[in-house]
There are 2 protein chains.
Amino acid sequence: MDSQFLKKVGLKVTLPRIKILEILESAGTARHMSAEDVYKALLEHGDDVGLATVYRVLTQFEQAGILTRHHFEGGQSVFEMDEGKHHDHILCTKCGRVDEFVDPTIEERQKAIADKFGYTMTDHSLYIYGVCKECRKKEKA
Amino acid sequence: MDSQFLKKVGLKVTLPRIKILEILESAGTARHMSAEDVYKALLEHGDDVGLATVYRVLTQFEQAGILTRHHFEGGQSVFEMDEGKHHDHILCTKCGRVDEFVDPTIEERQKAIADKFGYTMTDHSLYIYGVCKECRKKEKA
DNA sequence: ACGACAATGCAAAAGATTATCATTTGTTTG
DNA sequence: CAAACAAATGATAATCTTTTGCATTGTCGT
């Protein structure tokens, strides 16, 4: 994912956009970041980017298909790099841990349901909430 | 759903709470209301209830299990009376129409996924987004 | 390098929700 | 049934997230 990519989607190659891409790409396990998260990460790296720009760029990246925006419980949107493969999420309500999964059966059923109700499905979101193994251990203690 | 119900869940029987219950019960097709929606409906009925109270009461009702809160796309929370039977939603992104469904296969798969990842499932939310039949017709025209 | 136009930063604004606090209203008790 | 207490309300301010306006700066094609 280099700067050529930005041009391809009609965005100028600017420093803020490059920095934000770097943050998102290097996020590793913490792939699910809010705008605020990205902003803080930028500051920690010594990159001085305005919060408004972070919001603007994340929205543009979403529209360009580079990112996916999720609405987890708790108000703010979180973003993650879109690596081509769609997936859903299961979240721990205690520690915030997020795991990803794909279930072909569920995908199928969803399409069937949309058909049955006469909808053309454009999108869907499935979040499973629960308590992960680690947090259950802690609770007992 | 009478006032005795409120007492049972530890809430005093007050005018605002009764009025809000009435609005929710009589909502009919428009069962999915935001706090603002409820507030406006109250004003239209000539009931003078503060917006803060609406938010407070809706939250209390949610905790009491009378209501379910949903996080549809678009920022604000929407509430609906909980009639015992769990269901998921399919929404039209053009006109805002909402339909409800239950799919036992999906429910099952979700539990299986939670197990597989070591989670104790507490909740889940599934929203299918699409364009309904009516809106497709309008678009062609 | 120049000029057009997009992108940025800052601060103000907007939208949804929550907190504060003085006042009012249910509920409980004598 | 009225006093007494606690809970609930309403108005407003505060908070939090996100968006917008606008002057300034940076990109990119020529």
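Domain bounds here come from an automatic or database domain assignment.

**View 1. The two domains of chain A in the predicted model.** The assignment divides chain A into domain 1 (1-84) and domain 2 (85-141). Taken over C-alpha atoms, the centres of domain 1 of chain A and domain 2 of chain A are 23 Å apart. Each contributes to the contact: 9 residues from domain 1 of chain A and 9 residues from domain 2 of chain A.

**View 2. Buried area between domain 1 and domain 2 of chain A.** Together the two domains bury about 790 Å², with 49% of it on carbon and sulfur atoms. On the side of domain 1 of chain A, the residues that lose the most area to domain 2 of chain A are A:His32, A:Phe72 and A:Glu73, which together make up 49% of what that side buries.

**View 3. Polar and charged pairs across the interface of domain 1 and domain 2 of chain A.** The rule finds 1 salt bridge across this interface, along with 8 residue pairs in polar contact. The side of domain 1 of chain A that touches domain 2 of chain A consists of 1 nonpolar, 4 polar and 4 charged residues.

**View 4. Residues around DNA strand D.** DNA strand D is surrounded by 20 residues, and the closest are A:Tyr55, A:Ser77, B:Thr14, B:Thr53 and B:Arg56. Of the atoms of DNA strand D that come within 4 Å of the protein, 68% belong to sugar and phosphate.

**View 5. Polar contacts of chain B with DNA strand D.** An N or O atom in the side chain of B:Lys12 lies 2.9 Å from a sugar or linking oxygen of DNA strand D. Phosphate oxygens of DNA strand D lie 3.0 Å from a polar backbone atom of B:Asp48 and 3.0 Å from a backbone N or O atom of B:Gly50. The elements giving two or more residues to the surface near DNA strand D are α4 (51-63) of chain A, and α2 (15-25) and α4 (51-63) of chain B.

Definitions and conventions
Residues are numbered from 1 along each chain as its sequence is written. Chains are lettered from A and ligands numbered from 1 in the order in which they are written. This is a predicted model: local features need pLDDT of at least 70, side-chain atom pairs count only at pLDDT 80 or more; totals for chains, interfaces and linings use all residues. Side-chain values use heavy atoms; hydrogens and water are left out. Contact means heavy atoms within 4.5 Å. Buried area is the accessible area (1.4 Å probe) that two parts lose on being put together, summed over both. A salt bridge is a side-chain nitrogen of Lys or Arg within 4 Å of a carboxyl oxygen of Asp or Glu. A polar contact is a pair of N or O atoms within 3.5 Å; within protein, one must be able to donate a hydrogen and the other to accept it, and residues adjacent in sequence count only if both atoms are side-chain atoms. Ala, Val, Leu, Ile, Met, Phe, Trp, Tyr, Cys and Pro count as nonpolar, Asp, Glu, Lys and Arg as charged, and the others, Gly among them, as polar. A residue is near a molecule or strand if one of its heavy atoms lies within 4 Å of it. Helices (H or I, at least four residues) and strands (E, at least two) are DSSP runs, numbered from the N terminus.
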